[in-house]
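Subject: Structure for your review

Hello,

Here is the structure to look over, with the sequence. My notes on what turned up follow below it.

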Amino acid sequence: MDTPRPQDGRQSALAPEYAQPDRITPDSRRRRRESHEAVLRATKDLLGEVGYQRLAFEGIARRAGVSKATIYRWWPNKAALVIEALSGEVPLPAIHETGDLEADLRTAVRLTIELVSAMPTCLILPALLADVIEDPTGTKAFAELIEPRRASVVNLLERARHEGRLPPDTDTSLMVDIYSGTVVYLAAVNRIPPGEAVVDQLVSLLLHGHLPVSKGPAPADRDGSPVG
C-alpha cells in the first residue's frame, strides 16, 4: 500500500512500526523457536506439578520467560496449548501384525492403554475434553493427536474384514471407538490404567460377543437375591 503523502509532496512522518516494518531475521526466527519450545516445556512441567485445572497462562509465561501476550498469539486457549505440548509425548509404536486377529487386537488395546498412561491423561483428560467440547476450535487438534494410532488399528481391522476374518458388515471404526473409549473412561475415572483383565474382556466382547463377566460376588437384585 502506498505511503500517504502531504499535499506538498513530502512523505509524512509515520509511527516507526509503519515507516519501518519489522523484518524477520534468522535471529528473530531462532528466538521465536526457542520461546515456542520453552512454552511447551513449561506447559508439560507445570501439568505434572499443578494439573490441568490449575494450569494458567500466567504461570506458563513466568516459567518459560515469555510474555502472556506471546502465548495468546500462538495458542487460542489452554486446551490447544496442552494438546500441542503433549503431541510429542504420545508413543506410537507400530503394531506388528501376526495374522492372528485376536492377538493383534489384544496388542492394539494394550498399546492404547500405554498411550493413555504415557501422558498425564489419567489426571487431565476429563478437564481437557470438557474444554475441547466447550470450545470446538480444539476438536481438530485433539483428533489429530490420536488419529495416527486410531487409523492404524482401523486399517488392521479393515484388512481382516476383507479377508473374511470379520463379518463383511463389521463397523471397524466403531470397534476401535468401543475399546478406546472404554480405556480412556476407565483411566480418567479410576486414575490408573486398566489391567490385563480389561484387555481380555474387551477383545472377547468385540470378537466373540461375550459379555463381560464380573470377577466379584454375583450382583444382587432389589430384594437382595442374586440376579439370574
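**Overall layout**

The chain has ten helices and zero strands. This is a predicted model. Read along the sequence, the pattern is α-α-α-α-α-α-α-α-α-α. Of the 228 residues, 33% count as buried.

In H3, the buried residues are Phe57, Gly59, Ile60, Ala61 and Ala64. The residue that follows H3 is Gly65, and its phi is positive, near 75 degrees.

The structure holds two aromatic pairs. One of them joins Phe57 and Tyr72: the ring centres are 4.7 Å apart and the planes stand at 65 degrees, so this pair is edge-to-face. The cut-off for that label is an angle over 60 degrees. Phe57 belongs to helix H3 (residues 57-64) and Tyr72 to helix H4 (residues 68-74), so the contact ties together parts that are 15 residues apart in sequence. The two partners can be described in turn: Phe57 counts as buried, at 5% relative accessibility, while Tyr72 is partly exposed, at 48%.

Trp74 and Trp75 also form an aromatic pair. Their rings are 5.8 Å apart, centre to centre, with 85 degrees between the planes, and this pair is edge-to-face. Trp74 is partly exposed, with a relative accessible area of 28%, whereas Trp75 is buried, with a relative accessible area of 2%.

There is also a charge over a ring to look at: Lys78 lies over the face of Tyr52, at 4.4 Å from the ring centre.

**Salt bridges**

Side chains of opposite charge can pair when their charged atoms come close. A search of the whole structure finds nine salt bridges. I describe some of them here.

Glu97 forms a salt bridge with Arg159, and their closest N and O atoms are 2.2 Å apart. Glu97 sits in the loop between helix H5 (78-87) and H6, and Arg159 sits in helix H8, so the pair ties together parts that are 62 residues apart in sequence. Glu97 counts as partly exposed at 38% relative accessibility, and Arg159 counts as partly exposed at 36%.

Asp177 forms a salt bridge with Arg150, with 3.0 Å between the closest N and O atoms. Asp177 is in helix H9 and Arg150 in helix H8, so this bridge ties together parts that are 27 residues apart in sequence. Asp177 is partly exposed, with a relative accessible area of 35%.

An α-helix has 3.6 residues a turn, so residues three or four places apart point the same way. Arg161 counts as partly exposed, at 21% relative accessibility. The cut-off for buried is under 20%.

**The largest pocket**

Rolling a probe the size of a water molecule over the atoms shows where empty space is left. The largest pocket has a volume of about 410 Å³. Its lining is made up of 24 residues, and those nearest its centre are Leu115, Phe142, Ile146, Ser180 and Val184. Helix H6 (101-118), helix H7 (121-134), helix H8 (139-162) and helix H9 (172-190) are the elements that give two or more residues to the lining. H8 supplies the largest share, eight residues.

What kinds of residue make up this lining? The residues divide into 16 nonpolar, four polar and four charged.

**Val199 in helix H10**

Val199 is found in helix H10 (residues 196-208). Val199 is buried, with a relative accessible area of 1%. The C-alpha atoms of Val199 and Val109 are separated by 6.4 Å, although these residues are 90 residues apart along the chain.

Regards

Terms used
Residues are numbered from 1 along each chain as its sequence is written. This is a predicted model: local features need pLDDT of at least 70, side-chain atom pairs count only at pLDDT 80 or more; totals for chains, interfaces and linings use all residues. Side-chain values use heavy atoms; hydrogens and water are left out. Rings of Phe, Tyr and Trp (its six-membered ring) pair if their centres lie within 6.5 Å; planes under 30 degrees apart count as stacked, over 60 as edge-to-face and the rest as tilted. Helices (H or I, at least four residues) and strands (E, at least two) are DSSP runs, numbered from the N terminus. Buried means under 20% relative accessible area, exposed over 50%, partly exposed in between (1.4 Å probe, protein chains only). A charge sits over a ring if NZ of Lys or CZ of Arg is within 6 Å of the ring centre and within 35 degrees of the ring normal. On a 1 Å grid over the protein atoms alone, a cavity is a set of points where a 1.4 Å probe fits but cannot get out, and a pocket is an open set with protein on both sides within 12 Å along at least five of seven lines; lining residues have an atom within 4 Å of a point. Grid points are joined across faces, edges and corners, and a volume is the space filled by probe spheres set on the points. Ala, Val, Leu, Ile, Met, Phe, Trp, Tyr, Cys and Pro count as nonpolar, Asp, Glu, Lys and Arg as charged, and the others, Gly among them, as polar. A salt bridge is a side-chain nitrogen of Lys or Arg within 4 Å of a carboxyl oxygen of Asp or Glu.
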